[in-house]
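Here are my notes on the model you sent over. Have it open while you read, and click on each residue as we get to it.

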There are 2 protein chains.
Amino acid sequence: MNNCIVAQSGGPTAAINASLAGVISGAKENGFDTVYGAYHGIQGFMNDEVVSLNDIDTLKLRNTPSMYLGSCRFMLPTADEDADTYKKIFEQFEKYEIKAFFYIGGNDSMDTVAKLSKYAKENDIDVKCVGVPKTIDNDLCVTDHTPGYGSAAKFIATTLLEVSHDTAIYPINSVTIVEIMGRDAGWLTGAAALARNEYSAVPHLIYLPEAAFDKDDFIEDVKAAIDKYHNIVIAISEGIKDADGTYITAGVAAEDKFGHSQLSGAGKALEYIIKDNIDVKVRSVEINIPQRTAGHLTSYTDIDEAFDEGKFATEVAINGETGVMITINRISDFPYATTLGTTDVNDVAGLVKHVPREWINEGGNDVTDEFITYARPLIQGEVDLNFKDGLPDYYDIKHLTNI
Amino acid sequence: MNNCIVAQSGGPTAAINASLAGVISGAKENGFDTVYGAYHGIQGFMNDEVVSLNDIDTLKLRNTPSMYLGSCRFMLPTADEDADTYKKIFEQFEKYEIKAFFYIGGNDSMDTVAKLSKYAKENDIDVKCVGVPKTIDNDLCVTDHTPGYGSAAKFIATTLLEVSHDTAIYPINSVTIVEIMGRDAGWLTGAAALARNEYSAVPHLIYLPEAAFDKDDFIEDVKAAIDKYHNIVIAISEGIKDADGTYITAGVAAEDKFGHSQLSGAGKALEYIIKDNIDVKVRSVEINIPQRTAGHLTSYTDIDEAFDEGKFATEVAINGETGVMITINRISDFPYATTLGTTDVNDVAGLVKHVPREWINEGGNDVTDEFITYARPLIQGEVDLNFKDGLPDYYDIKHLTNI
């Protein structure tokens, strides 16, 4: 038998199931007998949470947000540290007669792909391990961009456009701070700039983690923007930091087991700074969970690319590649054109791609036209979603719930 | 000349411009020469912020969220208190040869309609004053429901459905609290129940302002829900109160000039209660501004009714009625059928329609089937929105902004 298995790891995006649908479609086209799915990532695979995905409705799946297979947050130890885990995983590969393993995830998941492919090579085991990228954060190296980002960017830009309609109605000075996800990289927050059009300059100010945040400069920026625009909107990343690298937050930063700081309250912190220094009505809001799971408003470009990457991963495995991640290479901005490729997964695992400093203006309070040119093509196109009884008709996730 | 004028007041909804489009269409059909619009409500009218709306593209306008004409928060004094203001307003009516005034707003705006129509009658001035209801809160009396509510309810239910996909992915116990708008009435929060389907019981618990919140009961509710469902979602209104009527909030409640308490932090307050009493991962999020301005996901039923109510208001004025608000009367739930009517605006002004206590379960932690039957028809149907360059193609609001 020539079977394959696919799993998902890390946090949700609106496009990750499109990649799953692509893997399933590609696996069938490329001659795999059974395409298995493991629930809850590599952990669920070890626990035999394995199902056949051969009968999945891939059309419906590709428009469903978050992760049909569930997820895990599991940092695979090295084989030296924990031989038993590797023994278990490769026993599972043998049990299900798996020839290819596809892991859809971010840079932590690519670390898993790197370690498993290394182990397979060293032990002469024929299981190809291929990473399929996903993250709303768009912070994976080598690839031009990452599936999930375009849809999140479209939702953020649309929300900011709608916030511009919300804030413009009163003829009084006011400040609205919109906090956007992004611990280390400002790709999502920068996408707020896509909201600007011929009638709205919202967001008037943009702060990313890649440019040091200075409180005094910020107060001057806000005063100048109020003078010019009266009711202003500020887009900030949850991960903005001062010149010393200290997060700007009203809360306490703790660390999770991957070493990521758990932030809350950058928006609140700036709200307090304004309240203390400028006599103006101010509020802060977070876009929060919807920016990563709003399946009702996705980018067709993003969903289509996510599907294609999943499908391409099966071709790559059939062609004998392992220890690689699928990449998107941009050929042209206008017209937007890309090709798919692969990269050594070690060039991605555990690394972060930042917004280039030259794509942020000198004052550190806006993105440049280069950023806009980069991001604009990724939000193009809408998905024709089915609705049932007034709500999006998503693929059921009964297997993950308890009803 | 036989002109009319329309203005908007209070907070935004995704349907209020549909009512404006309806007024414009109806005014033309019903023989008004010019349909004027006043920017920034009755205040802008006094300041001569008056434009002709005869050339407005009503099709595009009806799909644009928030308020094309801008808004004001202005509590009209009585004529006894401030004769000059009335003199000014009725001079403006005369100047623009206005025979009918349409005010699209909530219960504060209906107070303005009541006072102006009373003054006109008492002074034998032929200006008909008609209120067109709008509020996401759905708390206006007499009418079955209020334009703006259905779209907000659809956005909330969709968001909760998407949150269910987001929370289900990890096989660990967790609590997600979703705070929804609604100071006094739980209509919006109750709409979260529409998210439930054959694979998801989200939200597992629902707390409205109409049922007294008890901390100890809440802790027991949450423990039981975690035992049964593991990762649970709780929908709460920003305005939940204890048996003494004290708001449950982590912040400080102040009062605005209408006597509304400015709340923040009911979600945070429950988050802290859980953290202090249950050993479980917990987070709280707010749906915030998008629930009232998400023009990208509206209810066709709502937008269509909002338009029809605006149009009907012009017929009502032509037929000589004044001091009334348009109402929707429900004929049947299945199939959903309604008629339009009018009510004395004094039966609406300053009053609040609460969710009936019998539409909340005995334990005060969920809505009943009666609520679902009521709310479900209001979120039906989607609007075919135009997009431009990846974003919704809304009507420009250049006249309200400063670019």
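1. First, some ground rules. This is a predicted model, where local features need pLDDT of at least 70 and side-chain atom pairs count only at pLDDT 80 or more, while totals for chains, interfaces and linings use all residues. Residues are numbered from 1 along each chain as its sequence is written, chains are lettered from A and ligands numbered from 1 in the order in which they are written, and side-chain values use heavy atoms, with hydrogens and water left out.

2. Let's start with the cysteines. A:C4 is buried, at 0% relative accessibility (buried means under 20% relative accessible area, exposed over 50%, partly exposed in between, with a 1.4 Å probe and protein chains only). A:C129 also has 0% relative accessibility and counts as buried.

3. The term means a side-chain nitrogen of Lys or Arg within 4 Å of a carboxyl oxygen of Asp or Glu. Take A:D48 and A:K95, whose closest N and O atoms are 2.6 Å apart. A:D48 is in the loop between α2 (41–46) and β3 (50–52) of chain A and A:K95 is in helix α4 (residues 83–95) of chain A, so this pair ties together parts that are 47 residues apart in sequence. Helices here are DSSP runs (H or I, at least four residues), as are strands (E, at least two), numbered from the N terminus.

4. Now look within one helix. A:K275 and A:E271 form a salt bridge at 2.8 Å between the closest N and O atoms. Both are in helix α9 (residues 266–277) of chain A, 4 residues apart, or about one turn of the helix. Buried or partly exposed? A:K275 is partly exposed at 47%, whereas A:E271 is buried at 5%.

5. Next, across the chains. A:R376 and B:D389 make a salt bridge, with 3.6 Å between the closest N and O atoms. Each residue lies in a loop of its own chain, A:R376 in chain A and B:D389 in chain B, so the pair joins two chains.
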